[in-house]
Amino acid sequence: MVRVRFAPSPTGLLHLGGVRTALYNLLFARANQGATILRLEDTDQDRYVSGSIEKLEQSLKWLKLNFEEGPTVGGIYGPYVQSERLTHYRDAASSLLHSGAAYRCFCSKERLSSLRSQGVGYDGHCRGLSQREGEERGKQGVHHTIRLKVPTAGDTVIQDIVYGEVTVQHSAVEDQVLLKSDGYPTYHLANVVDDHLMEITHVLRGEEWLLSTAKHLLLYSAMEWEPPRFVHLPLLLSSSGGKLSKRNKAAFVETYQERGFLPEAVLNFVALLGWSPPTTELLTLDDMIQLFSLKDLNKKGSMVDENKLLWLNKQHFKRKLENREELVALVDQLQQCVKSCYAGILGDGDFKLSKGYLEKVLLLLEDRVSLVPAIPKEASFFWVDPNYSTTDLSTHSANADTVTLLMESLGSCDSFTKPHLDGVMREVASGSGVAYSKIMQFTRTIITGTKKSPGLTAVMELLGQKTVLRRINNFRTN
Ligand SMILES: [Zn+2]
């Protein structure tokens, strides 16, 4: 049975690269009736950021990425938090010492940092200590780490499902620390031990781990364990082409959640960063599970392009409007956003805050919306009268007579509905001698304060006769 894991470190917010790793693991497992495991790799005490576990779980929940086993849901392979599994790593390290595949290193921090400052890796200084000598000094409590004894000759060949055969010369691999002097494992030891004990069959992770896989394979071999299959995923690039830095806010899921992106759109977007689906690009999680295959993963780095995300958001938004339950949820969200945007301007009982009104607004904006929280400002005319002093009136050719005719025609209109208003607007055009398109253009500016809006007569119907006449009058007396 396929078993995969997503193993983030609680070092801050959830990175888009992390979401992609989580998603691909989940898609691969679901497509193969396998199991997904969430494991927290929290053994790097220096990098631990408090509160990040909660934030991570919250982000995964928002994206609806659910794992069958993990710290919160439990499972028979637990515990799923590495700091609660230290004995497993220490046992593995002892066994490696015992077999001679690892050795104790007593080098001081100063010595190691001096090597680093010279630009060289660890020089194997303690490799020559006999097992007995090492054991004795260890027993005396001398500070030490445990290092992997990487063969000095030969190479390790990694069979990667995305990158193919990758050969790593042992001469280029330093003797990796496996267990630190504080008794905590490094990533390399902990992830190998856990992947083995948790019976992980496929490791899908970022490309930055590709070359380290050689060390991991040496560990599997030293422990006489069967290694999993490896699938490395290409780098994510920022829109300027470089690696998507952790200092870039665009790198984190929380940023998109705060800005009002839909979780479905974020997942869809992330899915396409390294995977070419065989059909359309617009996909729900269920679609992705149906279509996902490792053979369609790319080697090339993928650029995080926000315009693509906005486009996907628009498409998922439209889909949601067609589903009653989803529409109700969007109306609720919009109501909160409008209330906070126009607090003090719109009273609690205002019709323009009612769910019925807001639903019509959303349906009118169907093709225009990307982010719900942006609607109150971007389509402010649904709630407040335009401010003509800040409106661009440059395209206006309307003279006072035309505006008067418009005012009178709309004022005497006894059925303020779209079909009827369509007729009225045509009559105003023929009565004034101004082209219909021009009449519509300046009426739009008067009513909405913008040059672009959903269908004007539909907007007028929704705003109502009183509001429309007030705005024309405001414009006239402006
Ligand atoms: Zn040493």
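**Stop 1: a three-stranded sheet**

Select the open sheet whose three strands run in the order β3-β4-β7, paired antiparallel. Its edge strands are β3, residues 102–105, and β7, residues 177–179, each pairing on one side only. Ignoring direction, neighbouring strands here are turned by 45° against each other on average. Keep in mind that this is a predicted model.

Now zoom in on β3 and on β4, residues 145–148. Four bridges join β3 and β4 in the antiparallel sense. Which residue of β4 is the bridge partner of alanine 102? It is leucine 148. Arginine 104 has its bridge partner in β4 too: isoleucine 146. Strands of a sheet pair through backbone hydrogen bonds.

Show the side chains of β3. Ala102 and Arg104 point one way, Tyr103 and Cys105 the other way. In a regular strand, side chains alternate between the two faces of the sheet. Are these β3 residues buried or exposed? All of them are buried, Arg104 included.

**Stop 2: a helix crossing, α3 on α6**

Select α3, residues 86–99, and α6, residues 187–197. Their axes come within 10 Å and cross at roughly 105°. Angles of 65 to 115 degrees count as roughly perpendicular, so α3 is roughly perpendicular to α6.

Show the contact residues. From α3, pick His88, Tyr89, Ala92 and Ala93. They meet Leu189, Ala190, Val193 and Leu197 of α6. By class, this contact has seven nonpolar residues, one polar and no charged ones. An α-helix has 3.6 residues a turn, so residues three or four places apart point the same way.

**Stop 3: asparagine 25**

Go to asparagine 25, in helix α1, residues 16–31. How many other C-beta atoms lie within 10 Å of asparagine 25? The count is 28. The cut-off for buried is 20 or more, so asparagine 25 is buried.

Select what asparagine 25 touches: Val4, Arg5, Phe6, Thr36 and Leu204, leaving out residues up to four places away in sequence. Asparagine 25 and isoleucine 37 are twelve residues apart in sequence, and their C-alpha atoms are 9.1 Å apart.

**Stop 4: an enclosed helix, α9**

Select α9, residues 263–271. Eight of its nine residues are buried, so the helix is largely enclosed by the rest of the structure. The buried ones are Glu264, Ala265, Val266, Leu267, Asn268, Phe269, Val270 and Ala271.

What covers the buried residues of α9? The cover includes α1, α8 (253–259), α10 (285–291) and α11 (306–321). Show those helices together with α9.

**Stop 5: another crossing, α12 on α13**

Select α12, residues 324–341, and α13, residues 355–364. These helices pack at about 105°, with axes 9 Å apart. They are therefore roughly perpendicular to each other.

From α12, show Leu327, Leu330, Val331, Leu334, Gln335 and Val338; from α13, show Lys355, Leu358, Glu359 and Leu362. These residues make the contact. By class, the contact has seven nonpolar, one polar and two charged residues.

**Last stop: the domains**

Zoom out and colour by the domain assignment. Domain 1 takes in 3–83 + 236–303, and domain 2 covers 85–233. Domain 3 is 322–382, and domain 4 is 388–476.

Conventions
Residues numbered from 1 in each chain as written. Predicted model: local features only at pLDDT ≥ 70, side-chain atom pairs only at ≥ 80, totals over all residues. Pairing = 2+ DSSP bridges. Helix = DSSP H or I, 4+ residues; strand = E, 2+ residues; numbered from the N terminus. Axes fitted to C-alpha atoms, helices over the stretch in contact; angles between N-to-C directions. Parallel < 35°, antiparallel > 145°, perpendicular 65-115°, else oblique. Contact = placed C-beta atoms within 7 Å. Nonpolar A, V, L, I, M, F, W, Y, C, P; charged D, E, K, R; others polar. Domains from an automatic or database assignment. Buried ≥ 20, exposed ≤ 12 C-beta atoms within 10 Å, placed from the backbone.
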